[in-house]
Amino acid sequence: MSQDNSNRYYIILITLGLLFAIYTVSLFKLQVLDKSYKRKANENAIREKTIHPARGFIYDRNDSLLVYNDAAYDLMLVPNELRPFDTMELCRVLGLEIEEVRKKIEKAAKYSGSVPSLFKQQISKEDYGYLQEKMSEFPGFFVQERTLRTYPQPIAAHILGYVSEVDEQDVENDSYYKMGDYIGKSGIEKAYEPILRGIKGKQKVLVDVHNREVGPFNNGDEDVMAVPGTSIWSTLDMQLQRYGEELMAGKRGAIVAIEPKTGEILCLVSSPNYDPNLLVGTARPKNYGKLVTDPEKPLFNRALQAAYPPGSTFKLANGLIALQDNIINTSSVYSCSGGGYHIGSHVVHCHNCGGLNIYSAIQRSCNTFFCRAYYNILSNRKKYKNIDEAYTAWLDYMSSMGFLKQYETDLPYELKGRIPSAEYFDKKYNNSWNGNTVVSMGIGQGEAAVTPLQMANMLAVIANKGYYIRPHVVRAIGHRDSLNTQFSNKIYSKIEPRHFETVLQGMKQVITAGTGRGAQIPGIELAGKTGTAQNPHGRDHSVFALIAPANDPQIVIFCLVENGGFGATVACPIASLMAEFYLNRKVERKDLETRMKELIIK
């Protein structure tokens, strides 16, 4: 072999050896070091599932369960994995029309061909069992476990709230959510959503050629466990809440009860109400539509959102301001004669009460006394240079007692009522007005409109002799002893403590010898105030404010019954029964209880 041929031979051998080495190294990297090709090869046999955590439970203050979870199942679809299937059989099982199935598939494919999309939510346990047996006939579909809210007691819907499917805005606002997820939309469910929802997990499972799950992928090493939501203990007393809803059945209005020392809401009744179970599961859209169109407006939370004229219960706040501004003292006497308080030819009617001091004026709910006191507050030129300054100072006192504001606690959609500013009246009366122009607000009428929650909070200020803690509905988070301390600061009014004792004494006389004698509970000293709120749309509203016991307040209650007439007729006995039930855990006055439960007011 010539030298040239020999060199050429070795060059070829070396070249082939290098190519073989490069090929061997490449195969080693692809098959041993680089797992991505293996994953791609197995991609069609691996399904990634989202593990949705169970939401946290909600309890009442005494450990009674208000909300828990039940098993539910969603049918998911991966469009790229679809193969021909028995459409009629799927329609039969799910109760769908063929056109509906077609649209759902098109929508899922438009969203993403490879990402699972929600096809049918909240399938029953029976349908789930059937589907599991037939999944091999529906390639591209799989079932994903979820949880469904369940309410063992059909009460407190307005305060517990409800959960529903997220919308595009929810997804845009928080990357945690994907279409098909659920989110708290109102009440505690909304206010504490980040706590109740938990943290999602991920699971990869192997799927055989028959669309059946055969086990975890890679022994579950790539799975991420879901973290369940945290449970919450509410401030509600379940039994008191249920009792209040029973008393308000057949009526429109609200009851708000607060533990004054803590600001904890013991019950919050808005009537008419609804069974929270109506807004759960596949029946939710239909039921929600009925509730929305119901002329009685059961979804409307009257306790937090309705602005009512407070009637004579507002006299308590005006009496405190008159005392604080030295307009009156405990010895001051105003005369009530001539049929009421006269403003030219106009008369604010009263009952010719005679000469009254602050105690007897509260006891007898004298319009004349409080009109005169209110007029003198706004006409106090020794302290205020004009009506605007006097009225603004009055508003400031009101604000310090919790009016004109949202408490911004854990009460979603709470409103702040309506009490106009001085600028409003300047514009309305062309800068020509005085105390008599707006004197009706001295007795809780005219432009004054407040929420039942604000009125209950005012009672807490009186019970505490000068301060309140922002009313709230969650007592503990994670454990019943892990108290929710974010709502514990005392907010002081601008009224000196000594004046509250004066007003409390007058409220005691309301119960012992005044308009609220019907509220008396044997063995318990009460303080209260009746009110009859004028209603331009029909019969007057019945209003009652109650503090019990008067010497050591454990509960304050504000009750308003729309079109109920005099405060002493309907609201007074209902509030009194609520106090008796809460303090004694039973009611002895069965005749009164039966009469109130059976009373229907249109």
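Which residue in the turn of the hairpin formed by strand 11 and strand 12 has a positive phi? Glycine 263 does, at about 80 degrees, and four residues lie between the two strands. The model is predicted: local features need pLDDT of at least 70, side-chain atom pairs count only at pLDDT 80 or more, and totals for chains, interfaces and linings use all residues. Residues are numbered from 1 along each chain as its sequence is written, and side-chain values use heavy atoms, without hydrogens and water.

**Strand 11 and its partners**
- Strands are DSSP runs of E with at least two residues, helices are runs of H or I with at least four, and both are numbered from the N terminus.
- Strands pair if DSSP finds at least two bridges between them.
- Strand 11 (residues 253-259) runs antiparallel to strand 12 (residues 264-271), with seven bridges, and pairs in the antiparallel sense with strand 22 (residues 555-561) over six bridges.
- Alanine 257 has cysteine 267 as its bridge partner in strand 12 and isoleucine 557 in strand 22.
- Seven of the seven residues of strand 11 are buried (under 20% relative accessible area; exposed is over 50%, partly exposed in between; 1.4 Å probe, protein chains only).

**Nonpolar cores**
- A nonpolar core is a set of buried Ala, Val, Leu, Ile, Met, Phe, Trp, Tyr and Cys residues joined through side-chain atoms within 4.5 Å.
- The largest has 104 residues, of which Tyr391, Trp394, Phe403 and Ile462 touch the most other members.
- Helix 18 (residues 452-463) gives the most to this core, nine residues.
- A second, separate core of 35 residues includes Ile255, Ile557, Val561 and Val587.
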